[in-house]
Amino acid sequence: MVLAQVTTALLALVGSSVAAPASEARAVSAGTKYCDAASTICYSEFTASNIAFRVAIPDTATAAPFPVLVQIVAPKATGWAAIAWGGQMANNPLTVAWANGDSVVVSSRLATGHTLPGAYDGASYTVLPSSKSNATHWQLDAICDGCSKWAAGSLDPAGTAVPLAYGMSNTAVTEPANNASRFAIHTAKGKFSSDLSSAKVADFDALVKKLQGAE
């Protein structure tokens, strides 16, 4: 499906003049550190609308570009959830994810202003086998190449308050199996900050291979 057909409701994600739902969060909120006992990965985590947005980076990263490990864990009822790199929806890569049966789909998007987001080929994703969807939750685990640096900006790997943003909706996407699917207006959105300095992973490449099942 052509991404230009994405519903006009998505304009609200990039700052259209349409009034936002009352649940919208505008204030910047700080993230916290979350360590996964099973994988031993420590992420910078932000939670909103019962959704956990987590990021981790290589401990060798001194400047962008560098790969980003992304984890989104959402209740089953969540239609889609997204991270906007750079702290706003326009001119930054958007990582959008949703459940598809017992799996999870990730869609790379970018909006250039008060327009519909198109496909963004500046970021590529490796979806890890731990991504899943069950009766209660869905979880995206992915490595993003292209989320740390883009035309309009980059992430500071030493930053303690790196600006990011999120969006989510309780309405399911139109075509769950299609990463170019239309999806509805957000139920909530907001800004948050991530402490990337405390989200650094040692032996990142080896860990990624392990997560991919290569070791």
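Residues are numbered from 1 along each chain as its sequence is written, and side-chain values use heavy atoms, with hydrogens and water left out. Because the model is predicted, local features need a pLDDT of at least 70 and side-chain atom pairs count only at pLDDT 80 or more, whereas totals for chains, interfaces and linings use all residues.

The confidence of the model comes before its details. The pLDDT, which is the predictor's confidence in each residue on a scale from 0 to 100, averages 85 over the protein chain, and 84% of the residues score at least 70. Residues 1-27 stay under 50 in pLDDT. For this stretch the model has 60 contacts beyond four places in sequence, a contact being heavy atoms within 4.5 Å.

Most residues other than glycine have a negative phi, and most peptide bonds are trans. Ser49, although not a glycine, has a positive phi of about 55 degrees. Its place is the loop between β3 (42-48) and β4; helices (H or I, at least four residues) and strands (E, at least two) are DSSP runs, numbered from the N terminus. Asn50 is found in the loop between β3 and β4 as well, and its phi is near 65 degrees, a positive value in a residue other than glycine. Accessibility is described by relative accessible area, where buried means under 20%, exposed over 50% and partly exposed in between (1.4 Å probe, protein chains only). Ser49 has a value of 34%, so it is partly exposed, while Asn50 has 71% and is therefore exposed. A cis peptide bond joins Ala64 and Pro65, with omega at about 10 degrees. Pro65 lies in the loop between β4 (51-58) and β5 (68-75).

A further loop, between β6 (80-85) and β7 (94-100), holds Ala90. Ala90 is buried because its relative accessible area is 15%. Leaving aside residues up to four places away in sequence, Ala90 touches Ala111 and Gly113. Ala90 and Pro117 are 27 residues apart in sequence, and their C-alpha atoms are 8.6 Å apart in space.

The aromatic side chains come next. A pair of aromatic rings is described by the distance of the centres and the angle of the planes. Rings of Phe, Tyr and Trp (its six-membered ring) pair if their centres lie within 6.5 Å; planes under 30 degrees apart count as stacked, over 60 as edge-to-face and the rest as tilted. By this rule the count comes to 7 aromatic pairs. In one of them, the rings of Tyr34 and Tyr43 have centres 6.5 Å apart and planes at 35 degrees, so the pair is tilted. Tyr34 is partly exposed at 26% relative accessibility, and Tyr43 is buried at 3%. Trp80 and Phe183 also form a tilted pair, 5.0 Å centre to centre with 55 degrees between the planes. Since Trp80 lies in strand β6 and Phe183 in the loop between β15 (162-169) and β16 (188-194), this pair ties together parts that are 103 residues apart in sequence. Trp80 is buried, with a relative accessible area of 0%, and Phe183 is buried, with a value of 3%. Elsewhere, ring pairs link Phe46, Phe53, Tyr166 and Phe192 into a cluster.

Tyr34 takes part in another arrangement. The charged end of Arg54 sits over the ring of Tyr34, 3.6 Å from its centre; a charge sits over a ring if NZ of Lys or CZ of Arg is within 6 Å of the ring centre and within 35 degrees of the ring normal.

The disulfides complete the picture. A disulfide is a pair of cysteine sulfur atoms within 2.5 Å, and a search of the whole structure finds 2 of them. Cys35 is joined to Cys42, with an S to S distance of 2.0 Å. The torsion about this S-S bond is about 105 degrees, so the disulfide of Cys35 and Cys42 is right-handed. Cys35 is partly exposed, as its relative accessible area is 42%. Cys144 and Cys147 form a disulfide with their sulfur atoms 2.0 Å apart. The link of Cys144 and Cys147 is right-handed, with 85 degrees about the S-S bond, and both Cys144 and Cys147 are buried. With bonded cysteines counted along the chain, the disulfides follow the pattern 1-2, 3-4.
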